[in-house]
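The sequence and structure come first.

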Amino acid sequence: MIIDSHLHVWSDDESLYPYGEVSRPETGARASVELLNEHMAEAGVEKAVIVQPIHYLYDNRYVADCLARFPGRFAAVCLVDPKEPAAPDQLEELVRGRGFGGMRLHLSRQEDPSALAASDQDPLWRRVEELSVCLIVLGRATELPALEPIVDRFPDVKVVLDHLGGPPVGEEPTHPLLGNVLRMARYPNVYVKVSNMNRMSKIPYPHRDTHDIVRRIYDAFGPERLMWGTDFPHVLTAGGYVHALELVRDELDFLTNEDKYW
């Protein structure tokens with residue numbers, strides 16, 4: 001079974017699911033669940049994890065409706081304002097009432113990313129632990145050290161770093177920013193998504209300038225703490241959905257068959 005661990009969807013019907021004030025898709029950019037299903041079928045992908053897109057901000061209705069329409073096919077990650085005092089209860093409602101399995105944190109949306117590791121965030125992380133769901137982290141590698149204190153305080157909360165943890169391609173040989181990602185491997189509750197390589201890369205498929213980054217993360221975390229994702233629909237303008245699967249399945253020659261199974 002092939003599972004896509006990272007993608008986004010939004011509706012073709014903006015009147016029913018209006019976009020928020022923060023962001024909206026580029027003109028003509030489609031990402032309906034129907035379109036997603038077409039691309040998954042073409043690639044032989046059976047299940048996927050939908051990550052709430054920033055275009056809807058904290059209105060998680062469309063993703064929740066996709067879960068309800070296709071039971072067993074999708075899991076989902078919601079967005080809740082982590083600085084809102086009611087965030088733990090809002091998360092619990094989405095988990096227990098709508099079937100979500102995790103919450104995403106946007107480090108770069110904070111003036112100071114360390115605010116998401118402050119003690120006032122402990123109630124939210126404690127609720128995540130009680131609910132046995134995950135926290136998905138989107139940010140640049142420069143921001144990861146700011147999150148370490150709370151990751152250390154909550155060793156039973158599973159934390160997943162989006163898009164290889166955000167290291168840059170072409171970093172100087174000492175690789176200090178990739179080092180920030182690799183240092184997170186010391187926490188056994190931290191996992192990494194092998195995704196977005198096609199958008200990080202500066203060269204065409206198979207994006208060989210990203211392979212060493214993946215190899216070093218693989219060596220640090222091990223295959224059982226890595227997961228593959230496409231970043232649909234953005235992947236459609238950066239190589240295509242099938243290529244995103246072939247990149248990991250066929251081009252990363254250090255992965256064994258057992259690794260690929262994981």
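Ala, Val, Leu, Ile, Met, Phe, Trp, Tyr, Cys and Pro count as nonpolar; Asp, Glu, Lys and Arg count as charged; the others, Gly among them, count as polar. Keep in mind too that this is a predicted model.

By these classes, the lining of the largest pocket has 25 nonpolar, 3 polar and 8 charged residues. The pocket has a volume of about 1,000 Å³. A total of 36 residues line it, and the closest to its centre are Ile3, Leu226, Met227, Trp228 and Trp262. Which strand gives the most to this lining? Strand β3, residues 74-78, does, with 4 residues.

The second largest pocket holds about 800 Å³ of space. Its lining has 31 residues, and His8, Ile54, Arg199, Asp231 and His234 are the closest to the centre. Two elements, β4 (102-106) and α7, each give two or more residues to this lining. By class, the second largest pocket is lined by 10 nonpolar, 13 polar and 8 charged residues.

Rolling a probe the size of a water molecule over the atoms shows where empty space is left. How many cavities of 30 Å³ or more does a search of the whole structure find? It finds 1. The volume of this largest cavity is about 60 Å³. Its lining includes the run Val194, Ser195, Asn196, Met197 and Asn198. Trp228, Gly229 and Thr230 line it too, as do Ala244, Leu247 and Val248. Helices α7 (197-200) and α9 (241-251) each supply at least two lining residues. Of the elements, α9 gives the most, with 3 residues. In this lining 6 residues are nonpolar, 5 are polar and none is charged.

Step back to the whole chain. The protein has 10 helices and 8 strands. Its radius of gyration is 18 Å, close to the 18 Å that the globule rule gives for 262 residues, so the protein is as compact as a globular protein of that length. The C-alpha trace spans about 45 × 40 × 35 Å along its principal axes. Buried residues make up 53% of the 262 residues. Among contacts with a separation of 6 or more, 78% come from residues 24 or more positions apart.

Helix α2 shows how a helix packs into the rest. It covers residues 61-69, and Tyr62, Val63, Ala64, Cys66 and Leu67 are buried in it. These buried residues pack against α1 (33-43), β2 (47-51), β3 and α3 (87-98).

Next, compare two single residues. Is Asp162 buried or exposed? Asp162 counts as buried because its relative accessible area is 1%, and the cut-off for buried is under 20%. Asp162 lies in the loop between β6 (158-161) and α6 (176-183). Its side chain makes a polar contact of 2.8 Å with the side chain of Arg104. Leaving out residues up to four places away in sequence, Asp162 touches His6, Arg104, Ile136, Val137, Leu138 and Lys193.

Asn257 is exposed, with a relative accessible area of 67%. Asn257 and Arg186 are 71 residues apart along the chain, and their C-alpha atoms are separated by 26 Å.

A cis peptide bond joins Tyr205 and Pro206, with omega of about 10°. Pro206 sits in the loop between α7 and α8 (211-221). Another cis peptide bond links Phe232 and Pro233, where omega is about 5°. Pro233 is in the loop between β8 (226-228) and α9.

That loop between β8 and α9 also holds Asp231. Asp231 is not a glycine, yet its phi is positive, about 65°. Asp231 is buried, at 2% relative accessible area. It is also one of the residues closest to the centre of the second largest pocket. Leu57 has a positive phi too, near 50°, and is a residue other than glycine. Leu57 is found in the loop between β2 and α2. Why does Leu57 count as buried? Its relative accessibility is 18%, and buried means under 20%.

Technical notes:
Residues numbered from 1 in each chain as written. Predicted model: local features only at pLDDT ≥ 70, side-chain atom pairs only at ≥ 80, totals over all residues. Heavy atoms only, no water. 1 Å grid on protein atoms, 1.4 Å probe; cavity = no way out; pocket = protein on both sides within 12 Å on 5 of 7 lines; lining within 4 Å. Points joined across faces, edges and corners; volume = space filled by probe spheres on them. Buried < 20%, exposed > 50% of the residue type's maximum accessible area, 1.4 Å probe, protein only. Polar contact = N/O pair within 3.5 Å; in protein donor to acceptor, adjacent residues only side chain to side chain. Contact = heavy atoms within 4.5 Å. Rg over C-alpha atoms; globule rule 2.2 N^0.38 Å.
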